[in-house]
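This report describes selected parts of one protein model and its ligand. Please look at the sequence and the structure first.

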Amino acid sequence: MVAVVTGGSRGIGKAIAEELLKKDYDVIITSRKKSDEVRELENTYINKVHFLPCDISVDEDRKNLASFVGEKFKKLDLLVNNAGCAPRERKDILEITPDDFDYLTDINLKGTFFVTQALTPYLIANGKSRIVNISSMSAYTASVNRGEYCISKAGISMTTKLFAARLAEYGVSVIEVRPGIIETDMTSKVKEKYEKLISEGITPIKRMGQPSDVAKCVSAVADGNFDFCTGTVIDCDGGFSVRCL
Ligand code: NDP
């Protein structure tokens, strides 16, 4: 079994990669920089980790990733579109510039869309395969101080539906995993703020999520537990999505 995990060098992507390595997948991990965490995985799972530098916002890098998969494996069982970033600086939507908007959406949305398009031939070639898109509760929650992030994640929800509709006839299912507040580098600067909100009851389950919480959802998809589902959303958010009164 072969999987690609974009942004697998740390945080949620690294946890997903490790979960798949435990199942004996060959895992192609991509990110812009190789991390010590990837080196550790290489040492633990000998010959199963295939690191490829790839900035998903760069078309040449996406094509290079597709060539790598094609030449080395010819087929792909699972694509996990996890790579993503927060705004360089949180700014009100009345102040963000077109450059701020392009920077983020080029990675989170355009990058995810075109990585998927580039790898589709290898998913189809497999006969039966799966795509998991890591979106966010920001897909439906308005944060006016990082609107471009919310827009990018709402776009991933539609990307999920589009590829689900287009690829079902080829045996490719597409699932969206929507994390809530997860403890990673991405949330480290706002950890205190989120911990306070959680203690005040923003989520029924009163803790920050861990990367492993998200990885377990992806693992269930990889195991085929969602094979009559496509375009489906899994909320991995401590119950954030539940409206409470
Ligand atoms: P981290 O910042 O910890 O990790 C992000 C990963 O993506 C790294 O491997 C990073 O590697 C990679 N990455 C960033 N930019 C690019 C790029 N242009 N091209 C390729 N790889 C890139 O974030 P998380 O683990 O927290 O987030 C993972 C995903 O989960 C993201 O899509 C995020 O939006 C989503 N998410 C996170 C939540 C959270 O609370 N943490 C909540 C909801 C969703 P490198 O920098 O070397 O490229």
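Ile93, Leu94 and Val144 make up a nonpolar surface patch, and their accessible area together is about 330 Å². A patch takes residues with over 30% relative accessible area and no salt bridge; nonpolar side chains (Val, Leu, Ile, Met, Phe, Trp, Tyr) are joined within 5 Å and like charges within 9 Å. A salt bridge would be a side-chain nitrogen of Lys or Arg within 4 Å of a carboxyl oxygen of Asp or Glu. Accessible areas come from the Shrake-Rupley method with a 1.4 Å probe, and for residues only the protein chains shown count as cover.

The model is predicted: local features need pLDDT of at least 70 and side-chain atom pairs pLDDT 80 or more, while totals for chains, interfaces and linings use all residues. Residues are numbered from 1 along each chain as its sequence is written, and side-chain values use heavy atoms, without hydrogens and water.

Ile93 sits in the loop between β4 (78-81) and α4 (98-125). Helices (H or I, at least four residues) and strands (E, at least two) are DSSP runs, numbered from the N terminus. Ile93 counts as partly exposed because its relative accessibility is 45%; buried means under 20%, exposed over 50%, and partly exposed in between (1.4 Å probe, protein chains only).

The ligand has 29 residues around it, and Ser9, Arg10, Asn82, Tyr149 and Thr184 come nearest. Here a residue is near if one of its heavy atoms lies within 4 Å.

| Residue | Distance to a ligand oxygen |
|---|---|
| Arg32 | 2.7 Å |
| Tyr149 | 2.6 Å |
| Lys153 | 2.9 Å |

Taken alone, the ligand exposes 880 Å², of which the protein buries 96%.

Two strand residues remain. Arg178 belongs to strand β6 (residues 172-179) and counts as buried because its relative accessibility is 15%. Its side chain makes a polar contact with the side chain of Ser157 at 3.3 Å. A polar contact is a pair of N or O atoms within 3.5 Å; within protein, one must be able to donate a hydrogen and the other to accept it, and residues adjacent in sequence count only if both atoms are side-chain atoms.

Asn133 is in strand β5 (residues 129-134). With 2% relative accessibility, Asn133 is therefore buried. The side chains of Asn133 and Thr160 make a polar contact at 3.0 Å. Beyond four places in sequence, the residues that Asn133 touches include Asn81, Thr112 and Val174, where contact means heavy atoms within 4.5 Å.
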